[in-house]
Amino acid sequence: MAFSTQKGGVGKSTFTMLMASILHYRMGYNVAVIDCDYPQHSLALQRERDLKTVMQNEIYKRLALKQFTSINKKYTQLSNAKPKKQWIK
Ligand SMILES: Nc1ncnc2c1ncn2[C@@H]1O[C@H](COP(=O)(O)OP(=O)(O)O)[C@@H](O)[C@H]1O
Ligand SMILES: [Mg+2]
């Protein structure tokens with residue numbers, strides 16, 4: 001699945017993470033997200049913020065542990081991609 005528009009701020013990143021989360025955490029698929037929105041890579045930044053928030057709070061830590069152990073899955077895989085020149089026409 002790919003979500004793409006040239007216009008910014010229309011919800012590509014938000015919708016990508018929501019779709020990935022539903023497929024991965026609720027429906028049990030193994031999901032990999034590849035963020036091709038170079039150089040923003042807002043999904044990786046969001047992941048960093050989420051991790052920091054969780055690791056600084058005991059309640060969030062316990063909730064995360066409960067979530068990951070109950071579904072026996074870790075975070076969705078997340079990679080950044082940098083478009084090659086030949087991709088850009
Ligand atoms: N369905 C929605 N309703 C309201 N706000 C939204 C919705 N989808 C995204 N947003 C908000 O709009 C802003 C831009 O969304 P984002 O996913 O970063 O867009 P894009 O990746 O297309 O640049 C963010 O602040 C986000 O929280
Ligand atoms: Mg985005």
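What percentage of the 89 residues in the chain is buried? I found that buried residues make up 7% of the 89 residues. I took a residue as buried if 20 or more other C-beta atoms lie within 10 Å of its own, as exposed if 12 or fewer do, and as partly exposed in between, with C-beta atoms placed from the backbone.

**Entry: the model and its numbering.** I note that this is a predicted model, in which local features need pLDDT of at least 70, side-chain atom pairs count only at pLDDT 80 or more, and totals for chains, interfaces and linings use all residues. Residues are numbered from 1 along each chain as its sequence is written, while chains are lettered from A and ligands numbered from 1 in the order in which they are written.

**Entry: overall layout.** I listed three helices and two strands in the chain, their order from the N terminus being α-β-α-α-β. Helices (H or I, at least four residues) and strands (E, at least two) are DSSP runs, numbered from the N terminus. Along the principal axes, the C-alpha atoms fill a box of roughly 45 × 25 × 20 Å. I also looked up the contacts between residues at least 6 apart in sequence, and 58% of these join residues at least 24 apart. Two residues are in contact if their C-beta atoms, placed from the backbone, lie within 7 Å.

**Entry: ligand 1.** Around ligand 1 I recorded Gly8, Gly9, Val10, Gly11, Lys12, Ser13, Thr14 and Ser42. A residue is near the molecule if its C-beta atom, placed from the backbone, lies within 6 Å of it. Helix H1 (residues 12-26) gives the most to this shell, with three residues.

**Entry: the loop between S1 and H2.** Proline 39 lies in the loop between strand S1 (32-35) and helix H2 (42-55). I found the peptide bond from tyrosine 38 to proline 39 to be cis, with omega near 0°. Histidine 41 is also in the loop between S1 and H2, and its phi is positive, near 45°. Most residues other than glycine have a negative phi, and most peptide bonds are trans. Histidine 41 is partly exposed, because 18 other C-beta atoms lie within 10 Å.

**Entry: H2 and H3.** Which residues of H2 meet H3? I found Thr53, Val54 and Met55 in H2 against Tyr60, Lys61 and Ala64 in H3. The residues of this contact divide into four nonpolar, one polar and one charged. The two helices pack at an angle of about 110°, with their axes 6 Å apart. H2 and H3 are therefore roughly perpendicular, a term for angles of 65 to 115 degrees. I counted one buried residue among the 14 residues of H2 and zero among the 14 residues of H3.

**Entry: the end of H3.** H3 is followed by asparagine 72, which lies in the loop between helix H3 (58-71) and strand S2 (77-80). I noted a positive phi near 55° for asparagine 72. Why is asparagine 72 classed as exposed? Asparagine 72 is exposed because 7 other C-beta atoms lie within 10 Å.

Technical notes
Axes are lines fitted to C-alpha atoms, for helices over the stretch in contact, and angles run from 0 to 180 degrees between N-to-C directions. Angles under 35 degrees count as roughly parallel, over 145 as roughly antiparallel, 65 to 115 as roughly perpendicular and the rest as oblique. Ala, Val, Leu, Ile, Met, Phe, Trp, Tyr, Cys and Pro count as nonpolar, Asp, Glu, Lys and Arg as charged, and the others, Gly among them, as polar.
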